[in-house]
Amino acid sequence: MKVLIKSMKLENFKGVENKNYLFNGNMDISGCNGIGKTTIATAFYWVFSDKDYDLHSNPPIRTVGHEEKEPKVLIVLDIDGKEIEVSKRQVRSIKKSKINMNETVSYKNVYEINSIEYGEKAFKEKLLEYGIDLNLFLSI
């Protein structure tokens, strides 16, 4: 099986407001400090494992001061000549307590494959159907 990353789109992810990256299978990423190399890697790991580049769980992905914006990563893969879109976004919700009016903020991850929404477990199962077993390379 051959899997290529064709492109990645980041929206409100870390310090990136809206950016498209075209790879067409070439993942040779280099450049000066501060141009986004680690952000690209973190976006990839976040979609597939809820980790960052250093494999820390549940990484902070929202830009400070813009917590209300919804982060989203869309990755286009080519799997043996078949193109699929894989995406993950983080939805923010606020609940007010009826007793003391305090606000509680929570975040929910939403996964999609080809624009069909899945829960995390079903997302991983669907990727297995495409031949992608995330446990093989994210064993930490």
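Reply: Helices (H or I, at least four residues) and strands (E, at least two) are DSSP runs, numbered from the N terminus. By that rule the protein chain has 2 helices and 6 strands, in the order β-β-α-β-β-β-β-α from the N terminus on. This is a predicted model, where local features need pLDDT of at least 70, side-chain atom pairs count only at pLDDT 80 or more, and totals for chains, interfaces and linings use all residues. Residues are numbered from 1 along each chain as its sequence is written, and side-chain values use heavy atoms, leaving out hydrogens and water.

Me: Why is Val105 called partly exposed?

Reply: Buried means under 20% relative accessible area and exposed over 50%, with partly exposed in between (1.4 Å probe, protein chains only). Val105 has a relative accessible area of 37%, so it is partly exposed. Val105 sits in strand S5, residues 103-113.

Me: What makes Ile94, Val105 and Tyr107 a nonpolar patch?

Reply: Patch residues have over 30% relative accessible area and no salt bridge, and nonpolar side chains (Val, Leu, Ile, Met, Phe, Trp, Tyr) are joined within 5 Å. A salt bridge is a side-chain nitrogen of Lys or Arg within 4 Å of a carboxyl oxygen of Asp or Glu. Ile94, Val105 and Tyr107 form such a patch on the surface, together with about 260 Å² of accessible area (Shrake-Rupley method, 1.4 Å probe; for residues, only the protein chains shown count as cover).

Me: How many residues does the protein chain have, and what share of them counts as buried?

Reply: The protein chain has 140 residues, and 36% of them count as buried.

Technical notes
Patch = residues over 30% accessible without salt bridge, like charges linked within 9 Å, V, L, I, M, F, W, Y side chains within 5 Å.
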